[in-house]
Each structure stands twice: as C-alpha cells, then as structure tokens.
Amino acid sequence: MSKLYFPIVLVIATLSVVGTVSFAAAQTAGARAGADEYQWKLPKGFPKPRVPADNPMTPAKVYLGTFLFYDQRMSGNGTESCATCHRQALAFTDGKAQAVGSTGQLHPRGAMSLVNVAYSAALTWSNPNEHSLEHQALTPMFGDHPVELGLTGKGEAFLDVLRSDSLYRILFPAAFPGDPDPFTIQNVTKAIASFERTIISASSPYDRYHYEGDDKAISDSAKRGEVLFFSEPLSCFRCHGGFNFSDATDFEGRRGREIQFHNTGLYNIAGAISYPAPNLGIYEYTSKQEDIGKFKVPTLRNIALSAPYMHDGSAKTLDAVLDHYSAGGRTIVGSPNAGEGFHNPNKDPLIRGFKLSAQERADLIAFLESLTDDEVIHDQSFANPWGRW
C-alpha cells in the first residue's frame, strides 16, 4: 500500500484495537491526516498539475477517492463503478469501442484513459468547455444521455448508503475535516477527482531511455521509430508532443495557446454534416461548420493498452491507425458512412499522408509500444482497495 495513505491507515487500524482508542479520537486523528499537504512525487520533466483552489490535494482525500472510484454502489443498479469503464490493466480504459452504461446503453464514444488526466486541458473527446474533474464526474453519475452510472433521482439515497458504511464514517470526516456534513455529492466528486489526479504515468521504457540514460531500455527498432515520429512528413509530434504526447495539456503555470481540437479525416460522408451523428466533434457545442469532426488529441502514453482507437473505436489496431494517417484520411466504401476522409473540408492541414516501408511501420509501432508503463498498471495505490483495508 502506498506511503501516501499511511496516516489514514493508522486511523483505521486504531478502530480494530478494541477498547484502546475511542471513535472520537480516531476521528480527530483522521481530521489531522486530512489536513496534511499532499506530496507530489513527480518524475523528471513533469510539471506540477494544476489543482483547483477549492479542492486542495490531501492524502486523506485521495484515499477516500480510491474507495469511491471502485465502489459499485455508485451506480443506480449497484453493478458498476468508475473503474468499470476505467480499468487499471488497460491504462484506465475499458477495451471497448463504445463504453457501456449500467443500463446496457451504449455510449457513442469510447472511454478515455485516465492516465495523466491531471494534465488534461479538456476532459472529454468533444466538449471544449469541460476542464474540471470535479464537475466532469457529475456526468457519468447523473447524466441521462446516455445513462452511465445512473444515479439520477437517487443521489440522496446514495449518500445515505455512504453514511451507513462504517469505513466511510471514518474516511469522509478525515478527508473533509471541519465540514459539519461531509457526506455531499460535491465532496464525493472532490475525492474522486483527487484520486484521479494521482494516476501519473512516467515510468515507461521510453522514459527510462530518455530521463534515466538507460540506452538498453528500448530496442533499436523503437529508437528508429522515435526518429520517424518526430520527422517530416509524418509530423506526429505536432499534435502528440510534449511530455504527455498530447497538445491538449495543462499544468500549473502553463501559458500559451488555446486547446486544439482536430479533424483527422476519419469520415467524409455526403451532405452538410461530414461526420456521422451523434459524434460531430466540438461542433456540438460551438455550432460552427468549421468545427465538425474536431476532437481532442488523447495522450499516446500507454497507447498499446488502450485499443480500439479514435473517438468511436473504429480503428481496431495500431496498424489500422497508421493506415488512416498514412493515407491522409480514411476511405470508407459500401456503408452509410462512405466517403473519402482525405477530402474532408475541415481536415487538419497536417494530415497529408505519407509512405512507410514495412520496416518503418514496425519501427513506429515499436516506438509507440515503448510508451507502455508497466508500473502504472500494477501500482497498488491505484488498485481496488476494498479487499485490502
């Protein structure tokens, strides 16, 4: 178990020693733990994540958020949790083209990875206005289109469940000391957001090669692939650049340009709307014709674990992704979505196409695979805590 949670573990342990420490004393100790400042242990080259002033990080809040993240009582039918669509073994994705809600309803898009979500400047595929993890958590909890966790109309009943749980009766007051009623939906989302911000990945072979000087951490093929990745005419790095391999990145003290969203020529169906509904990109929010088909650029960290790819999971493999980009846009025939993505009027000018030999393709995939961080998918501080406390 992570050292970050040591104060809270002590609080819980005191309750198991019958007759030695009162419940009130344990709550007092928990309150002190809740006030502790969270100590970021950031790898070289990683800036401090931006944290909202009204939800400062504390170990107690992170620990509470871990339990809530994995708690199936979070769903209306008691079968799903945040972790259902964000599985640690898959870099906190779910391996599905489209996420499935607690009612069996398909989400129109795939579940995005939560790895390094603390650095995400926009938190969904296509909502340019969603910047807050605390606020975004309300969508799967209470959203109706589609139903994900399905808590609409059941929020107070869910809070009653939390209040009745002996563990939560310790963890909530510890995480929110001084709050006369810490059992609120706002505090639930604050705790979950705090946990999610700790899921930082920077221990891939690529990182060991670049930041630790381990020349043998990646293969010669991956090294050649890196050169291709940062070369013309591929220009992969122009959208997937920086320490997080995404241009939709934010952090404390960041200055610079607006968040970019891109149309990559994935579709070009006939008519005024070139992308199939309901996945129209940020056009859904801006209503600007030029924004049709523009989506957020996800991080490439752990990309080998997060198939299928694209916002709708329509590219099943990394090979299929390279097919799309090397063609400068996808051509679809014989379906309602038929069209030549290369000619989509909103396509990013960087998507021009390129040629790859079989060896170059293998090298580029080897580079992408070198971004897989085994530590983040096995770190027990990110794992389901319910069987351990």
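Guide: A salt bridge here is a side-chain nitrogen of Lys or Arg within 4 Å of a carboxyl oxygen of Asp or Glu. This is a predicted model, so local features need pLDDT of at least 70 and side-chain atom pairs count only at pLDDT 80 or more, while totals for chains, interfaces and linings use all residues. Residues are numbered from 1 along each chain as its sequence is written, and side-chain values use heavy atoms, with hydrogens and water left out.

Visitor: How far apart are the closest N and O atoms of Glu156 and Arg163?
Guide: Side chains of opposite charge can pair when their charged atoms come close. Glu156 and Arg163 do form a salt bridge, with the closest N and O atoms apart by 3.2 Å.

Visitor: Are Glu156 and Arg163 buried, exposed or partly exposed?
Guide: Buried means under 20% relative accessible area, exposed means over 50%, and partly exposed is in between (1.4 Å probe, protein chains only). Glu156 sits at 48% and Arg163 at 25%. Glu156 and Arg163 therefore each count as partly exposed.

Visitor: Which residues are linked with Glu156 and Arg163 in a network of salt bridges?
Guide: The structure holds 17 salt bridges. The network that contains Glu156 and Arg163 also takes in Asp160 and Asp181.

Visitor: Which helices does the Glu134 and Arg197 pair link?
Guide: The side chains of Glu134 and Arg197 meet in a salt bridge at 2.8 Å, N to O. The partners are 63 residues apart, in distant parts of the chain. Glu134 is buried at 10%, and so is Arg197 at 4%.

Visitor: What covers the buried residues of H14?
Guide: The buried residues of H14 include Asp363, Leu364 and Leu368. Their cover includes helix H10 (205-211), H11 and helix H13 (318-326).

Visitor: How many residues are in the largest nonpolar core?
Guide: A nonpolar core is a set of buried Ala, Val, Leu, Ile, Met, Phe, Trp, Tyr and Cys residues joined through side-chain atoms within 4.5 Å. Among the residues with the most contacts inside the largest one are Met74 and Val188. Leaving aside neighbours within four places in sequence, Met74 is in contact (heavy atoms within 4.5 Å) with residues including Val188 and Ile192. The residue count of this largest core is 41.

Visitor: Where is Pro233?
Guide: The peptide bond from Glu232 to Pro233 is cis, with omega near 5°. Pro233 is found in the loop between H11 and strand E1 (261-262).

Conventions
Helices (H or I, at least four residues) and strands (E, at least two) are DSSP runs, numbered from the N terminus.
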